[in-house]
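Here is a short briefing to read alongside the model. Have the sequence and the 3D view open as you go.

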Amino acid sequence: PITGISSWQNQVSTAYLESVPKKLRQDIFHLGGDFVRRELPALKLLESRAGRSGRFETLLSFVVRAMTGGRSKTIHITDAAATGMLNTLDGTWNEDLLGLLGLSLSDLPRVTSQFETAGFSEELGCPVWVGVGDHQAAVNSSNSLENGGINVNIGTGCQVSRVRLP
């Protein structure tokens, strides 16, 4: 890479993963709803916090920021949750974990649960929306599904959702 990017493909070592304190594992799981796994961004940040500089972004938030000429500072809750640093119960960044990672709230984008515009692309001449996961995008865009309909997403995670109205 041209920059010092830390990709989800650069997984933390098994030895480091096993050294993660039990309390931190529990916080990530209970507040963030995600298992402690080798590619979790929060763990990669914790492992590499010495000498780190730059800005934290997910791939989606990076693309949205680039498309808006650097003006977007918003991340969708579904994208933020995948970092392991979000308290998914209330949709806010986990400040205790951020402190351990050497990050502050000012280092991170604002979290939104809405499908909202993040800015405007001058180059493309159109609005740019916050980035959401492929499954969330598929479910949100499936307004034409009848009650009992099924949405199949053959993307990264290959999820299936069924629409059930009361």
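The protein chain folds into seven helices and eight strands, where helices (H or I, at least four residues) and strands (E, at least two) are DSSP runs numbered from the N terminus. This is a predicted model, in which local features need pLDDT of at least 70, side-chain atom pairs count only at pLDDT 80 or more, and totals for chains, interfaces and linings use all residues. Residues are numbered from 1 along each chain as its sequence is written, and side-chain values use heavy atoms, leaving out hydrogens and water.

**Whole chain**
- Of the 166 residues, 36% count as buried (under 20% relative accessible area, 1.4 Å probe, protein chains only).

**The largest nonpolar core**
- This core has 25 residues; such a core is a set of buried Ala, Val, Leu, Ile, Met, Phe, Trp, Tyr and Cys residues joined through side-chain atoms within 4.5 Å.
- The elements giving it two or more residues are α1 (14–19), α2 (22–32), α3 (41–47), α5 and α6 (95–101), and the largest share, four residues, comes from α3.
- Among the residues with the most contacts inside the core are I28, M85 and L97.
- Leaving aside residues up to four places away in sequence, L97 touches L24, I28, A42, G84 and M85 (contact means heavy atoms within 4.5 Å).

**Helix α4**
- Helix α4 (residues 59–67) buries S61, V64 and R65.
- Seen down the axis of α4, these buried residues fall within an arc of 100 degrees, so they line one face of the helix; the arc is that of the directions from the helix axis to the C-beta atoms.
- They pack against β1 (74–76), α5 (77–81), β5 (117–121) and β6 (126–129).
- Just after α4, G69 takes a positive phi of about 65 degrees.

Technical notes: Buried < 20%, exposed > 50% of the residue type's maximum accessible area, 1.4 Å probe, protein only.
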